[in-house]
Each structure stands twice: as structure tokens, then as C-alpha cells.
2 protein chains.
Amino acid sequence: MGLKNTRAGNYPEWYQNVISEADMAENSSSPGCMVIKPWGYGMWERIRDVFDEKIKETDHENCYFPLFIPLSFFQKEAEHVDGFAKEMAVVTHSRLAMKDGKLAPEGKLEEPLIVRPTSEAIIADSFSKWVKSYRDLPVLVNQWANVVRWEMRPRLFLRTREFLWQEGHTAHASAQEAEEETKRMLEAYRDLCENTLAMPVLAGKKPEHEKFPGAIDTYCVEAMMQDGKALQAGTSHFLGQNFAKSANITFVNKNNESEYAYTTSWGVSTRLIGGVIMTHADDEGMVVPPKIAPYQVVFVPVIKKPEDAEAIMNYITKTAAELKGKLPFGEKIRVKIDKRDKTSVDKFWEWTRKGAPVICEVGMRDVEGGKIMVRERLKLGTPEGKEIIASGDFAATIESRLENIQKAMFDKAQNRLEQNIRSDIKTPEEFKKYFEQSNTWIEDGKQGKVAFVRGKWSGDANSEELLKAMKITIRCIPFDQSGSEGVCLLTGKPATTDVIYARSY
Amino acid sequence: MGLKNTRAGNYPEWYQNVISEADMAENSSSPGCMVIKPWGYGMWERIRDVFDEKIKETDHENCYFPLFIPLSFFQKEAEHVDGFAKEMAVVTHSRLAMKDGKLAPEGKLEEPLIVRPTSEAIIADSFSKWVKSYRDLPVLVNQWANVVRWEMRPRLFLRTREFLWQEGHTAHASAQEAEEETKRMLEAYRDLCENTLAMPVLAGKKPEHEKFPGAIDTYCVEAMMQDGKALQAGTSHFLGQNFAKSANITFVNKNNESEYAYTTSWGVSTRLIGGVIMTHADDEGMVVPPKIAPYQVVFVPVIKKPEDAEAIMNYITKTAAELKGKLPFGEKIRVKIDKRDKTSVDKFWEWTRKGAPVICEVGMRDVEGGKIMVRERLKLGTPEGKEIIASGDFAATIESRLENIQKAMFDKAQNRLEQNIRSDIKTPEEFKKYFEQSNTWIEDGKQGKVAFVRGKWSGDANSEELLKAMKITIRCIPFDQSGSEGVCLLTGKPATTDVIYARSY
């Protein structure tokens with residue numbers, strides 16, 4: 001009953017299969033855009049709820065800023081960049097009307113509008129009106145919004161022309177405070193990835209050539225996918241006074257002097273769901289971490305004779321009701337009774353491909369014996385994956401079972417990450433040879449052929465060029481630096497900085 | 001300390017003053033779009049949470065559909081409408097690049113894309129892929145999204161080029177089921193308006209000329225603003241098979257025949273916040289119904305001597321902590337301690353203008369006497385608006401106090417609505433004279449000069465023209481019809497249908 005493609009067979013096709021078989025999203029008739037379906041959107045809702053709580057705990061407030069940014073907001077940036085060209089959706093007309101029997105754009109705008117690719121510019125414009133004195137600082141806002149980037153090779157969740165995200169934007173009275181904010185929110189992302197998505201990450205700073213345009217420093221969290229490639233899971237930017245200078249965000253400080261504010265921005269997107277898929281899904285389909293599963297426990301009635309239907313449904317209803325007060329992870333448990341007009345086998349495999357953490361099959365024998373068959377998606381196909389539990393013990397074990405699954409998923413991924421960071425590659429020759437191999441599936445519990453290399457980097461100006469030629473990237477400069485001396489794996493020059501090299505999405 | 005403009009003095013300016021003094025939203029540098037600020041966005045979050053729960057209770061699932069709709073999706077509609085012209089944002093280019101030192105759109109799209117003004121067309125396209133058999137029906141989805149309509153006279157919350165909303169879209173196997181859905185969701189809107197926003201509404205059907213294009217029937221809820229004008233608060237459309245035919249949503253029914261599905265759509269938007277303002281705000285500023293107040297209880301420390309600060313803040317912290325377990329309306333209470341570096345008088349008036357339901361001032365005398373000064377925004381300026389409570393009684397009264405405020409706000413608005421529906425106008429002459437007057441503020445507890453008229457309508461084809469000439473509209477054909485015979489107030493012809501006539505936003 002597995003997917004058409006396996007991870008070992010055709011990894012990119014396997015990824016598409018997981019999404020379509022789990023019914024999480026699909027390509028739409030709107031080119032390059034996706035339809036996020038309930039099972040995929042439900043995961044985004046959970047991510048949003050968890051992170052929104054964090055945003056508010058850390059004193060940020062939600063706002064909403066315009067979708068459209070006047071073209072002139074990009075003029076200054078363009079003048080500073082050689083060969084400036086950005087793939088962005090441009091609105092040029094404000095009306096649709098019939099012209100010789102054909103529908104056509106009319107009402108040309110005086111100034112074209114850009115559909116926001118990110119909102120630093122338009123938010124900085126608002127900040128410039130809100131901030132007058134040091135008393136108005138810090139400004140700590142966030143928005144949950146859609147953004148558009150004209151991707152030429154769209155892939156569901158990973159790279160679509162429109163995607164959903166949160167973008168935090170803050171302004172501060174000092175560089176130190178803004179830097180602290182940047183790092184605090186990066187830490188919030190690490191926590192989100194690891195403790196909510198069960199997706200371990202490496203945290204660090206981006207090299208100069210990978211920084212967000214206009215940032216002083218870009219920090220990031222990077223996850224390892226099952227093919228050994230890296231996925232940038234979230235970024236947090238310290239923007240210094242750069243955006244404040246373009247948008248004129250000034251304030252009168254305590255010494256009564258006018259000063260530019262220091263700003264930050266940080267974001268994570270629906271791309272995280274792509275990361276969750278490539279961290280946890282297997283050859284049977286999706287495996288959803290309990291914390292973000294739209295349904296954590298699914299009941300599948302197994303009705304062999306129509307006359308048993310009522311007894312089975314009553315038994316399920318009663319058992320499901322006992323879960324009501326349960327609070328795995330301190331939240332209301334999410335339970336589904338699948339009453340659809342389909343066979344129990346079809347239902348079982350559907351929920352398996354969707355990756356519901358716990359599937360409970362209930363037939364007449366279970367009703368009579370006061371039992372419930374509990375199957376854990378993570379352990380599918382193993383003897384421990386199937387357990388018959390007395391109904392009296394059922395509710396009591398579900399809470400800890402979900403918590404254990406969440407932990408087991410993290411541990412498995414963490415183990416994969418740790419096993420697949422090579423730090424024993426010490427020369428440019430070995431390094432080159434290593435990355436001449438293609439990325440393939442990292443078999444569970446084994447070391448993959450190609451994944452991450454932790455090694456030295458001299459920071460030379462030609463690094464970007466060398467990296468491009470090898471089709472690899474520097475994912476980050478990890479916070480935990482050894483400081484030891486060594487040889488740059490790109491140039492062979494002496495170097496002390498440790499970086500993470502990898503191919504990436 | 002009132003607003004610059006009063007309702008009686010200059011109602012439209014008063015509306016703007018309320019929003020800006022409550023710091024709910026502002027015009028942005030993106031023409032016609034608004035920035036929704038935390039106090040306004042917080043209300044939208046509450047509305048969203050309450051209604052999202054209702055959506056899920058009624059078995060709908062959230063999805064997300066693309067922002068962009070290919071132009072060709074509008075071609076068919078345009079061919080059926082004489083002089084078709086729609087004010088919509090049209091994306092024609094996918095790149096921004098420098099051309100002779102000036103930034104310009106490049107990368108012309110083969111097919112222009114429309115920024116969704118509503119999503120029936122693109123969602124019907126998805127439905128056509130999802131629905132094959134009666135077993136796939138009903139499809140019940142909803143999305144929370146931004147939409148764009150190129151308004152020429154934007155007004156904050158009421159009419160902005162971009163706004164936020166939810167749009168529900170469903171497909172069913174029978175007309176009856178779809179009609180039931182349409183009415184069920186209208187009832188959900190009535191409940192939302194009345195029980196969450198404390199904004200009474202009239203529910204009914206739109207006349208033919210006010211229907212959503214493509215709908216068989218459009219149902220609506222209509223609220224009365226304080227100037228006697230109507231605000232359409234929500235609509236629910238029974239679309240019959242019209243959209244199913246354009247998008248080819250067919251299914252094999254139980255008799256093994258292919259049939260077009262029956263669809264519905266329904267939405268409410270950030271416009272509701274405009275309705276809340278014009279239902280509840282007064283000449284001192286905003287008054288927020290407790291159910292949607294971002295903060296329901298605000299503590300303002302009154303520190304006259306710096307040495308008292310610690311004792312006062314400790315007392316407030318302790319008192320606020322006692323509110324933690326309180327669940328007004330069955331939800332966690334939302335409490336704010338205002339610690340900002342401002343005077344207590346400034347803070348008090350700021351929260352008054354923002355319309356926080358309960359403001360608690362705490363000074364050293366209160367600490368020493370074990371008291372708390374509780375002020376209810378709704379009763380500002382009246383002797384009952386200020387009450388000194390023993391701190392031991394405080395937490396116990398807050399829950400019921402908030403519930404009482406919510407109820408009092410609804411009752412006040414309900415009373416206004418009931419008093420201002422004229423049903424004693426029986427001839428076209430009286431009717432004409434009545435609507436020759438301008439709309440002005442309806443003084444609290446009094447009958448305004450012009451508001452709603454409930455009277456007969458013959459349904460004549462020239463009605464729209466006659467209404468336009470008088471600058472009035474038919475808001476709805478209420479569900480509760482008397483069936484009595486009378487005279488059409490527009491044409492003087494015999495008529496039995498009761499309608500609501502009013503000016504509107």
C-alpha cells in the first residue's frame with residue numbers, strides 16, 4: 001500500500017506523492033500558486049497558534065499592513081544595486097473591461113504597485129509616522145500574511161509564487177536592544193522547529209553573501225532533510241539603521257538628540273510544512289508530529305455486518321468522549337471519528353498516508369471484549385505499531401502516548417542530523433570529492449552519502465563563486481565556534497571560522 | 001476631553017476621529033489601503049476566533065486558495081453582462097528592473113492575473129477536481145483571506161481597497177441542502193453580530209437587483225448605524241448550479257446520473273469593525289463590546305509620589321493575578337497593566353478613547369484602604385460609571401460586570417434599532433418627504449429624523465431607478481412577512497411584500 005515512489009527510488013517524486021496522497025495541497029489553475037487543503041492548512045493553523053502565543057508572550061502585537069507597495073519604495077534600493085531585477089508581481093491596471101469582445105486590463109495606474117514580497121519597506125514607512133521619541137520605542141509588531149515572489153520553478157510548500165507566513169518587524173532605541181531581539185526571535189524559531197515540529201535545527205549566522213539585502217546580520221535555523229539537503233527554516237535579521245535611514249524613522253533620544261532607530265525583521269512560512277514532510281514522512285506517506293496534527297487520534301469503525309454498526313458507533317462515541325478532558329501538551333486533544341461511507345481498510349490506509357499519529361480500529365470483537373486496537377503511525381509495520389488495549393486503560397494512555405510519539409519523532413530526526421554532519425573532512429580535495437556525489441535518501445539510522453559538512457572557511461571574496469561551481473552553499477556560521485585553526489575547505493587557505501556546508505532547497 | 005467632532009456636529013468626521021483616537025487603523029502610503037493597528041486588529045482576531053469556532057462546529061474546514069485568478073476566469077461572466085467593467089487590481093508583469101535609470105515593470109505575463117475580489121471562480125475550479133461522486137459531497141470549506149476591490153472613495157474599515165474577510169464556499173448534492181446551508185450560515189452571522197458584537201441586525205433576502213452576480217438568492221444581515229444609515233454586515237448566497245455550470249462541478253448521483261452540484265458562498269469582513277464603531281462609539285471615543293475587546297480590564301496606576309510606586313504596582317499585580325482564573329463568556333479574561341511612562345490622566349483618557357470596557361485606577365489611597373476604583377467605559381460621565389470596590393470583592397464582580405456590559409450594549413443598540421424603524425409611513429408622498437431629510441445622528445434613546453422604513457414594495461422593474469433617484473436602497477425583504485395588502489411606497493401600486501428601506505453605507 002506504499003506510495004508510487006520511494007525515497008530511495010525517486011526522492012523528488014516521493015515528496016510530491018506524500019503531499020498528494022496525504023491530501024495536503026495541490027497545484028492550482030493559478031500558475032505557480034498552490035491550494036492548501038484542510039489537512040495541510042490544519043497543520044499551518046497549529047503552527048500559527050503555537051507561534052502566535054510566543055509572539056504575544058514576548059510582547060509583540062499583531063497588525064495588518066497593505067498587500068500593495070508603491071513602486072517608488074523600491075527605487076532607492078534599485079539605484080544602489082547593479083543590475084537590479086526582482087521577480088515580483090506588478091499591478092499596473094485597476095479595471096477589467098471588454099474591448100472588441102475580449103476582456104482586457106484598463107485604468108492604467110499612475111504608479112505601478114508591487115504585491116508585497118516582504119514588508120520591510122511599507123512597515124518602515126508606518127514606523128516613521130509612529131515613532132517620535134524614545135518613549136515610543138520599542139515598537140514590536142507582527143503580521144500573519146500572504147506574500148508573493150515570482151518563482152520560476154515552483155514546488156508545493158517549498159517554493160510557490162504565493163505563500164503564507166508571519167513577519168515580525170521591530171524598532172528599537174539602541175543597536176544592542178535590536179540585536180537582542182533578533183537573537184531572541186531566532187531562539188523562538190529554534191524552539192518552534194524542535195519542540196513543535198520535532199525538526200532539529202542548526203542555528204547560526206549567514207555569511208555576508210547570503211544575508212537579506214539591507215541587513216547588517218542575518219541569523220537562521222537550518223534543518224536537514226532526508227536527502228541530506230538543507231532547508232532554511234527561518235531567518236531573523238538585524239537591520240541596523242539601514243531601513244530607518246531610507247524611511248526616515250527618527251526619534252528624540254534621552255539626551256534630546258535626534259537619532260535613527262534600529263530595526264529588525266524575522267519570518268517563518270508555510271515552507272516549514274515542506275520541512276516537516278521531508279523530516280518525518282516515510283515510504284507509506286506522511287507522518288505528522290502530534291503537536292501539529294489536525295487530528296491526533298482517529299477512530300476507524302470496522303463494520304462487517306450492518307447490524308453491528310450501532311453497537312460499534314456507540315462504543316466509539318463513548319470511548320472518544322472519554323478523551324475530551326485529555327490535554328496532551330497542555331492543549332485540548334483533537335479527535336476524529338471517521339463516519340464516511342468507505343471501507344475500513346480504505347479509511348485505515350487513508351489516515352496512514354495522511355500520517356495521523358494514532359489510528360484506533362474498532363470492530364465488533366473489540367466491542368464485545370472491551371478492547372481497542374491502537375496503531376501508531378510512526379511504528380507502522382513493526383510489532384510495536386499495533387497494540388490491543390483494554391478500553392478502561394485507553395484514555396489514560398493516550399496523553400502520554402502522543403507525548404512519547406512527539407519525542408520519538410524528534411529523537412529520530414535528531415539522530416539523523418547528528419549522524420550526518422561530517423566534521424572529519426579536512427582538505428579541499430576530500431571536500432570536493434565528497435560533494436561530487438549526488439544527494440540521495442539517508443536511510444533511517446544510517447549515514448547518508450552526502451549531507452552536511454562542518455568545516456573551516458576563510459571568508460574569501462571568491463567564496464560565492466567557488467560554492468556556485470560546486471552547487472553547494474554555506475548554510476550558516478554556527479554559534480558554537482571551536483576557534484581552532486584549520487584549512488578552508490573551499491580555498492585551502494588558513495581559516496578559523498567553522499561553517500556548515502551543504503546542498504540546499 | 002471629547003473628540004474633535006461629535007456625532008451631532010459632523011458624523012463622518014467623528015467616525016474618523018474615533019478610529020484615529022482609539023488608534024485602531026490609519027490610511028497608509030499604499031493608496032486606498034489601510035494599516036490595521038493592534039487595537040483594531042485585536043478586535044478582528046477576537047471576531048475570527050469566535051467565528052472560526054462556529055465554522056468548525058458546523059463541519060466546515062479551513063483551506064487556502066490562490067490570491068491570483070487568471071483573467072480568462074472572468075471572460076464567460078463578461079460575455080453575459082452588457083458593459084461589463086469591474087474595478088479590480090490587475091497584475092500584468094512579473095519583474096521589476098531598471099530601464100534608463102528608472103524602475104519599471106518588465107516580464108509581461110501571457111495572461112494577466114486578477115487579485116481576488118472574491119473567490120467563487122477559483123474555488124469552483126478546485127471543486128470541479130475534488131467532486132466526482134455524491135460520496136464526495138457536501139464539500140464545506142472556508143478561508144480567512146485578504147481581498148481587493150478597487151474602491152474610488154475608500155473609508156477606513158467600511159470601504160478600503162484591500163480588506164480581510166472569511167469566505168465560506170460549499171457544494172451540495174441537492175438544492176434543498178444548499179439552501180439550508182445558505183440560511184444556516186446567515187443565522188451564524190446574525191448570532192455573531194448580535195451575541196459577539198452586540199450589534200442587532202435585521203435578517204432577510206436581497207431584492208433581485210441587489211443580489212450577488214450569479215446568485216439565485218442573496219441573504220443578508222443589516223445593522224443600523226447611529227446616523228440611521230444601514231450597514232450590510234454579512235451576506236450568504238445560494239448560487240444554485242450557476243457556478244457549477246461555469247466550472248463544470250459535476251457528480252454522479254445515487255441513481256448513477258451525472259448532475260451539476262449546488263453551491264453556496266458567504267462572507268463577513270473587517271467592515272464589521274466599522275459597524276461596531278458606528279453602533280457603540282460615543283462622543284468620547286470608541287466603546288468596545290467586552291467579547292471582542294483586546295483587553296477587557298485595564299489597570300492604570302496613579303502614582304503621585306515616586307516612593308509609592310512599588311506598593312501600587314505590587315497591589316495591582318496581586319489584584320490582576322486574582323483575575324487569572326476568571327472566564328467571562330467562557331474564555332480567558334484579557335487584562336492589561338499599563339506600565340508606560342505617561343501620566344495616569346493621559347492613560348485614563350487614552351483607554352477611554354480606545355473604549356476598554358473596564359478601567360481600574362489604583363493609587364496609594366486605594367492600596368491603603370484595600371480598594372479599587374472601577375470605571376465602566378459604557379457609563380462614562382454618569383454617577384454609576386465610577387465605583388469603589390473592596391479588593392476582596394473585585395475579582396468576583398468582574399466576570400458578571402463584563403457580561404452585564406455586553407448585554408447593556410446590545411440592549412441599547414437594540415432599543416435604538418427598534419425605535420427607529422418607521423412602519424407608519426403608508427403613502428409614497430409621506431415616504432418621499434421622509435427621505436428628503438438628511439441622515440443625522442440618532443440621539444441616544446430618541447427617534448432620529450431619518451433611519452429605516454418598513455413598508456410595502458411592488459417589485460416593479462423600475463424600482464432600482466426610483467430608489468437611485470431618492471438615494472435610498474432596499475436593504476432586505478425581512479423573513480417575517482405580514483402578508484397584508486398595502487401600497488408600494490415607491491410606485492403607489494398595490495403590494496404585499498414588506499421591505500426595509502434605508503440609506504446605506
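These legends walk through a few views of a predicted model with chains A and B.

Local features here need pLDDT of at least 70 and side-chain atom pairs count only at pLDDT 80 or more, while totals for chains, interfaces and linings use all residues. Residues are numbered from 1 along each chain as its sequence is written, and chains are lettered from A and ligands numbered from 1 in the order in which they are written.

**View 1. Chain A as a whole.** The C-alpha trace of chain A spans about 80 × 60 × 60 Å along its principal axes.

**View 2. Inside chain A.** Here you can find 13 helices and 25 strands, taken as DSSP runs (helices H or I, at least four residues; strands E, at least two) numbered from the N terminus. Buried residues, with 20 or more other C-beta atoms within 10 Å of their own C-beta, placed from the backbone, make up 49% of the 505 residues.

**View 3. Where chain B touches chain A.** The contact (C-beta atoms, placed from the backbone, within 7 Å) takes 54 residues from chain B and 54 residues from chain A. On the chain B side, strand β5 (residues 85–99) gives the largest share, 14 residues.

**View 4. Strand β5 meets strand β5.** Nine bridges join β5 (residues 85–99) of chain A to β5(B), and the two run antiparallel; strands pair if DSSP finds at least two bridges between them. Look for V90(A), whose bridge partner in β5(B) is H93(B).

Definitions and conventions:
Two residues are in contact if their C-beta atoms, placed from the backbone, lie within 7 Å. A residue is buried if 20 or more other C-beta atoms lie within 10 Å of its own, exposed if 12 or fewer, and partly exposed in between; C-beta atoms are placed from the backbone.
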